[in-house]
Amino acid sequence: MAYFKNWLIICFISVVEIQSSLQTTLPENQNQPYRTAYHFQPPKNWLNDPNGPMIYRGIYHLFYQYNPKGATWGTTVWAHSTSKDLVNWTPQPIAIHPTIESDINGCWSGSVTILPRGKPAVLYTGINSKNQQVQNLAIPKNLSDPHLIEWIKSPYNPVMVPTDENKIAADSFRDPTTAWLGHDGRWRVIIGNNIRRRGRAVLYRSKDFVHWNIAKHPLFSNKDSGNWECPDFYPVSTRNEDGVDTSCVGDGLKHVLKASLNESLSDAYAIGRYNLEKDVFVPEKGSLGLDSELKYDHGKFYASKTFFDSSRKRRILWGWIHESTDAATDKMKGWSGLQAFPRKIWLHKTGNQLVQWPVEEIEKLRTSKVISPITELKGGSLHEISNVTASQADVEISFEITTFESVEKLDQSWANPRAICGRKGGTAKGGLGPFGLLVLASKDIQEYTAVYFRVFRNETKYVVLMCSDQSRSSLHLVYDKPIYGAFVDLDPVKEKLSLRTLIDRSIVESFAGKGKACITARVYPSLAIGKLGAHLYVFNNGTDNVKVSELFAWSMKTAQIN
């Protein structure tokens, strides 16, 4: 559960200016220019963590943290929607809400595990009458119902509690994972926790999924990483892009441990081995520290959750994208938060990192394909991509570098990609770059969000930097406008620099290097709104020319969501 009370988010915005944008938007947006067209969100109120995504009898389920009483964080419930295609979603009644002593002050995040004979079971964090975080169990009332409308809470709740004996703090004990079944016949689950800022994945075991015993040691922990939320633990194949069931172990597999780090608001992960004898995770790549280079997303993306889609043998990732506006603005809008478009996630063939890509079902929303005739971007050039709905689009572009004569040297002290992007923004001219896209741009280029590459050279190789710059995303509105950055692990001498960007009114999701690096941004244009106000450009602010090997853009239809 992403715990907002402890977060210090400083963002200032003029309610009067937002209201002006709301009033001048296009009719089809129903005076809501920033509500998305194909990203998941409820009709109103507060949304945060995705909970318990799964597929059951051919139906996809998404539960999520929801405040039914307003557009700011409050006493949350498990809201519920279903889909046949991960694109269009039908709302269902609230699945889990406060009714018992062990969740009376809130039903926080958790996960679904598919038990033998295909029976789903939910483990979730409840806030009890003493405001302690405890773990509860719920099961469907009617297994023959593919929509799983009704859920029954276990009479044994709470099934896991903080005590003096286990020395778990009652205010940092939350978000159980999908459980996995060991060869000894016992279920295992981990829960996020910290002791003196040492982040931990606390391990529990059970023979019957009802009575749980804490292990003597966590699955893994890391000092100075702060509180861990929404942990996730799952196997990945080293042989192909297929997903595997959470309980799978053996040859041809690695394991991934993810933690949502509350202090940095980032989802860090590590790749390594699961030692079955000792019941511990041994990382080989990644640290799960606050400065971790391995992150699902280097932008605004948090409290994520994966599930194994057995129907198509893939693992799918959901993530919460929170607002950059303040509470007063969210109350005026009447809503806050949305989900990233679901992504397929797998281990790259090098074994060094994960790769993410929007699930292929998104392509059913594509319409009016535009193939750009641009084959080269001269230094200092700017070209508009016309005949596409620029506020609601899917864009794929690939660049090729043919000369490296003017490449800039990467200072050895520049280790933080976000800091480099901030130092050398989209308007700062370089040798190779910046080049990329200006999205949600006004006609006169007064406002835009720049998503682009820069290429550097260090002492041994070329280094590719991806940036997402929101500093000019709104001419009039003042809010949190960060500049994000990530290194992309590719060789520009041998490989093309590919960029895919999903644009949806107030969210920009970008994937570089065919999904090796991802950056998600929230923006709130004041001019670049709707079909008439938003424009899309490709640019090169570097001195060297860059070849464009392909540039495709699609207008995106509006999905049916809730």
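What volume does the largest cavity have? I looked that up before anything else. The largest cavity comes to about 80 Å³. I kept in mind that this is a predicted model.

**Entry: cavities**

I counted the cavities of 30 Å³ or more and got 4. Then I listed the lining of the largest cavity. I found Pro 50, Asn 51, Ser 109, Gly 110, Ser 111, Asp 175, Pro 176, Cys 230, Pro 231, Ala 303, Ser 304 and Lys 305 there. Which elements give two or more residues to this lining? I noted strand E1 (45–56), strand E5 (107–115), strand E15 (228–237) and strand E19 (302–309). By residue class, the lining of the largest cavity splits into 5 nonpolar, 5 polar and 2 charged.

**Entry: Asp 175**

I picked Asp 175 from the lining of the largest cavity. Asp 175 sits in the loop between strand E9 (173–174) and strand E10 (180–181). Is Asp 175 buried or exposed? I have Asp 175 as buried, because its relative accessible area is 2%. I then checked its contacts, leaving aside neighbours within four places in sequence. Asp 175 touches Met 1, Ser 109, Thr 125, Gln 135, Ile 190, Ile 191, Gly 192, Glu 229, Cys 230 and Pro 231. I also took one C-alpha to C-alpha distance: Asp 175 and Gly 126 are 9.4 Å apart in space and 49 residues apart in sequence.

**Entry: second largest pocket**

I moved on to the pockets. The second largest pocket has a volume of about 470 Å³. I counted 24 residues in its lining. Which of them lie nearest its centre? They are His 348, Glu 495, Gly 513, Lys 514 and Lys 516. At least two lining residues each come from strand E23 (343–347), strand E24 (354–358), strand E28 (392–400) and strand E34 (497–504). I sorted the lining of this pocket into 7 nonpolar, 7 polar and 10 charged residues.

**Entry: nonpolar cores**

How many residues does the largest nonpolar core have? I found 50. Phe 399, Phe 453, Met 466 and Leu 497 have the most contacts inside this core. Strand E30 (residues 432–441) gives the largest share of the core, 5 residues. A second, separate core has 37 residues, and Ala 37, Tyr 38, Phe 40 and Tyr 64 are among them.

I followed up on Leu 497. Not counting residues up to four places away in sequence, Leu 497 touches Ile 397, Ser 398, Phe 399, Ile 401, Phe 435, Phe 453, Val 455, Val 464, Leu 490 and Pro 492.

**Entry: cis peptide bonds**

I looked at omega next. The bond from Asn 157 to Pro 158 is cis, with omega near -5°. Pro 158 lies in the loop between strand E8 (151–153) and E9. The bond joining Gly 433 and Pro 434 is also cis, with omega about 10°. Pro 434 is in strand E30.

**Entry: positive phi**

I checked phi in residues other than glycine. Arg 117 has a positive phi of about 65°. Arg 117 is in the loop between E5 and strand E6 (119–127). I class Arg 117 as exposed because its relative accessible area is 84%. Asp 224 has a positive phi too, near 60°. Asp 224 is in the loop between strand E14 (220–222) and E15. With a relative accessible area of 47%, Asp 224 is therefore partly exposed.

**Entry: Gly 426**

Where is Gly 426? I found Gly 426 in the loop between helix H3 (417–423) and E30. Its relative accessibility is 8%, so Gly 426 counts as buried.

**Entry: confidence**

The protein has a mean of 94, and 95% of its residues reach 70 or more. Where is confidence lowest? Confidence is lowest in helix H1 (residues 15–23), with a mean of 43. Confidence is highest in E23, at 99. I marked residues 4–29, where the pLDDT is below 50. Beyond near neighbours in sequence, this stretch has 56 contacts in the model.

Terms used. Residues are numbered from 1 along each chain as its sequence is written. This is a predicted model: local features need pLDDT of at least 70, side-chain atom pairs count only at pLDDT 80 or more; totals for chains, interfaces and linings use all residues. Side-chain values use heavy atoms; hydrogens and water are left out. On a 1 Å grid over the protein atoms alone, a cavity is a set of points where a 1.4 Å probe fits but cannot get out, and a pocket is an open set with protein on both sides within 12 Å along at least five of seven lines; lining residues have an atom within 4 Å of a point. Grid points are joined across faces, edges and corners, and a volume is the space filled by probe spheres set on the points. Helices (H or I, at least four residues) and strands (E, at least two) are DSSP runs, numbered from the N terminus. Ala, Val, Leu, Ile, Met, Phe, Trp, Tyr, Cys and Pro count as nonpolar, Asp, Glu, Lys and Arg as charged, and the others, Gly among them, as polar. A nonpolar core is a set of buried Ala, Val, Leu, Ile, Met, Phe, Trp, Tyr and Cys residues joined through side-chain atoms within 4.5 Å. Buried means under 20% relative accessible area, exposed over 50%, partly exposed in between (1.4 Å probe, protein chains only). Contact means heavy atoms within 4.5 Å. pLDDT is the predictor's confidence in each residue, from 0 to 100.
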